[in-house]
Amino acid sequence: GTLSRAFYGKTKISERHRHRYEFNNDFRERLEASGLVIAGASPDNKLVEIVELPREKHPFFVGVQFHPEFKSRPLNPHPLYREFIRAAVAA
């Protein structure tokens, strides 16, 4: 039921990423209780990869740990870019 699930059209995705920073799971419960949606995590559920706010709280708030630009092409944009542009045009 997340935005990311709707954007990708599937429940399992594979993205390429290299990062030195990670979501601090010490704050996970508190952030979720305040409305942040954990929309994607590693298969073992230890690393948060995608966070969102519901549309009723923000028109487009999706944060990711990976690099969507690696899979985006001018005539075949990454789903997150495509939907971000769609949301911006509609605003």
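I then looked up the strands involved. β2 (residues 48–52) pairs with β3 through three bridges, in the antiparallel sense. For pairing I required at least two DSSP bridges between the strands.

I noted the basis of the model. It is predicted, so I kept local features at pLDDT of at least 70 and side-chain atom pairs at pLDDT 80 or more, while totals for chains, interfaces and linings use all residues. Numbering runs from 1 along each chain as its sequence is written, and side-chain values use heavy atoms, without hydrogens and water.

Next, the whole sheet. Three strands make an open, antiparallel sheet in the order β1-β2-β3. β1 (37–41) and β3 (62–64) are the edges; each has a single partner strand, so one side of each lacks a neighbour in the sheet. Neighbouring strands are turned by 20 degrees on average, direction ignored (axes fitted to C-alpha atoms, angles from 0 to 180 degrees between N-to-C directions).

I listed the elements. There are three helices and three strands, running α-α-β-β-β-α from the N terminus. These are DSSP runs: helices are H or I with at least four residues, strands E with at least two.

Last, I checked the chain overall. Its C-alpha atoms fill a box of roughly 40 × 30 × 25 Å along the principal axes. Buried residues (under 20% relative accessible area, 1.4 Å probe, protein chains only) make up 30% of the 91 residues. Of the contacts (heavy atoms within 4.5 Å) between residues at least 6 apart in sequence, 41% join residues at least 24 apart.

Note on methods
Buried < 20%, exposed > 50% of the residue type's maximum accessible area, 1.4 Å probe, protein only.
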